[in-house]
Amino acid sequence: MLTKELLRFHSPAGRVKPLFIDPADRALLGFAAGIRKTYHDFLGAPRSEILEALEPRINSQRDLKLARGLWKLYDDQCIFTGDSSCDWAAMRRTLFAHSSRLISNVQEGKDDTDFRTEVFAAAGESVVPLSDNIYADLPDYERLSELPEITPELLLERYNVVLVQSLVLYAESLEVSIEEHDSARMRRFFKYLKFFRLLADVSGSSKWEDGTPSAVRLKIDGPASILDGSAKYGLQLASFLPALFQLSRWKFSCELKLNGKKLKLSLDDSSGLNYRFGRLGIYIPEEVRMFAQLFAERVPEWRLSSDSPFLKAGPRQSFVFPDITFSNGKTTVCLELFHKWHSRQIPERLEFLEKHPDLPLVLGIERRILNSNSALRDRIETHVLFGSRIFLFRDFPPVEKMRKILEAFA
């Protein structure tokens with residue numbers, strides 16, 4: 001992502017206009033190619049040497065903010081490795097301890113070289129690796145070990161996407177509208193939404209025969225609305241955003257808290273944003289994977305699937321996207337899991353469950369959500385469906401509890 005000082009945009013009348021670049025700009029392509037060549041030439045070199053070689057090229061650009069942004073995007077995809085063959089920090093502590101003891105006895109006129117030799121001699125063989133470089137394990141001395149497979153054209157294309165992603169890190173929420181003629185593409189979009197565990201209220205106006213909505217509106221919570229873990233959640237949201245850009249027709253708007261101001265950002269499919277996003281298969285979170293393995297061993301009469309259908313209910317065409325579906329051939333039950341960031345949605349879902357008792361929906365709520373919210377804990381634990389349709393879990397859903405719930409449904 002781009003840091004705040006590298007963001008390029010205008011904000012006339014409080015409306016953010018990102019300063020996109022032309023991916024076909026010959027001058028910028030040449031600059032990007034120069035960055036790429038420098039890294040290729042310095043493969044295996046320390047980070048500090050690469051930065052020293054790049055500095056004149058970067059400083060020669062008219063738009064320094066853009067130049068440093070493009071450089072950062074490329075550097076972020078490179079892999080640097082440090083020397084982990086020994087405990088550098090422990091050796092430094094030993095060396096500095098001897099230096100502290102000897103420095104009070106330094107004779108007048110003794111030069112730095114003599115003192116350095118004396119300190120290393122006193123510290124012994126355990127600090128010999130520090131003789132060439134005391135700080136060889138720090139980031140500046142990490143060596144370039146792997147280069148990204150990205151062309152100058154793709155780097156420029158990615159810059160525009162990352163500029164938007166970086167702005168969205170300061171959003172309170174995203175209002176999204178989508179129309180998509182390809183049901184498979186739409187289902188893949190919602191798999192990404194689940195993959196990144198975002199908070200979203202979804203409503204649709206039409207759907208295909210398989211139940212997939214073809215036109216939807218979403219309100220996705222932004223990092224500025226999250227009190228706990230907002231930085232990580234912001235990265236989740238920003239990482240998800242390219243999934244939106246792959247759809248046929250889309251638009252979104254959000255309010256940003258940036259530089260002490262409230263600004264409005266609005267974009268749609270005419271923005272020319274493009275990103276070659278990898279395709280997801282059926283994503284299975286680790287805790288679901290562990291639960292599925294135990295469940296299959298202990299409750300073989302029920303089949304479990306993480307490729308759950310959409311559940312629709314209510315006059316507003318609201319949609320729920322369960323995490324797991326259970327079936328015994330006659331009865332189908334869906335389970336929706338609520339994790340750390342999902343506390344805002346829980347009261348709405350409790351009310352939703354009360355209004356639509358015909359839906360075969362069960363709610364699993366992570367206990368950590370309730371640790372700092374006594375009011376929500378009381379509401380859940382006193383709910384009429386607590387124990388029968390609502391349960392708490394720690395690391396993953398309890399198999400025995402889920403088995404009893406499923407037997408009640410059957």
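Which residues have the most contacts inside the largest nonpolar core? They are Y39, I220 and F252, in a core of 72 residues. Here a nonpolar core is a set of buried Ala, Val, Leu, Ile, Met, Phe, Trp, Tyr and Cys residues joined through side-chain atoms within 4.5 Å, and buried means under 20% relative accessible area with a 1.4 Å probe, protein chains only.

Bear in mind that this is a predicted model, where local features need pLDDT of at least 70, side-chain atom pairs count only at pLDDT 80 or more, and totals for chains, interfaces and linings use all residues. Residues are numbered from 1 along each chain as its sequence is written, and side-chain values use heavy atoms, leaving out hydrogens and water.

Back to that core: helix α6 (residues 152–168) gives the most to it, nine residues. Helices are DSSP runs of H or I with at least four residues, strands are E runs of at least two, and both are numbered from the N terminus. Look around F252 and, beyond its neighbours within four places in sequence, you'll find contacts (heavy atoms within 4.5 Å) with residues including V164, V168, L244 and L267. Another core, of 19 residues, lies apart, with C334 and I365 among them.

Notes
Buried means under 20% relative accessible area, exposed over 50%, partly exposed in between (1.4 Å probe, protein chains only).
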